[in-house]
Amino acid sequence: MATARYEVRVNGRLSERAQGAFCTMDVRPVPPQTIMFGELSGQSDLCDLLALCSAMGLEVVSLQRLPG
């Protein structure tokens with residue numbers, strides 16, 4: 001299955017422990033938000049990522065599929 005690269009922005013800054021939950025993502029604090037970049041393999045991975053954000057109480061500000 002082909003992968004796609006995504007950018008997810010959440011409000012706030014993630015602790016190191018919280019960042020560890022997103023170990024397959026590149027996590028960058030950009031106050032007042034945190035940006036996560038990474039490749040996902042299909043819609044189920046995207047749903048899992050969003051479910052994890054929700055379970056951690058993170059407010060997703062934006063989600064976009066990146067070109068190429």
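Gln 33 is buried, with a relative accessible area of 17%; buried here means under 20% relative accessible area, with a 1.4 Å probe and protein chains only. This is a predicted model, in which local features need pLDDT of at least 70 and side-chain atom pairs count only at pLDDT 80 or more, while totals for chains, interfaces and linings use all residues. Residues are numbered from 1 along each chain as its sequence is written, and side-chain values use heavy atoms, leaving out hydrogens and water.

Let's stay with Gln 33 for a moment. Its side chain makes a polar contact with the side chain of Arg 9 at 3.3 Å (a pair of N or O atoms within 3.5 Å, one able to donate a hydrogen and the other to accept it; residues adjacent in sequence count only if both atoms are side-chain atoms).

Gln 33 is found in strand 3, a DSSP run of E with at least two residues, numbered from the N terminus; helices are runs of H or I with at least four. Seven of the eight residues in strand 3 are buried. Strand 3 runs antiparallel to strand 1, joined by eight bridges; two strands pair if DSSP finds at least two bridges between them. Five bridges join strand 3 to strand 2, also antiparallel, and these two form a hairpin with two residues between them.

The largest nonpolar core has 15 residues, and Leu 14, Phe 22, Met 25 and Met 36 have the most contacts inside it. Such a core is a set of buried Ala, Val, Leu, Ile, Met, Phe, Trp, Tyr and Cys residues joined through side-chain atoms within 4.5 Å. Its largest share, four residues, comes from strand 1.

Definitions and conventions. Buried < 20%, exposed > 50% of the residue type's maximum accessible area, 1.4 Å probe, protein only.
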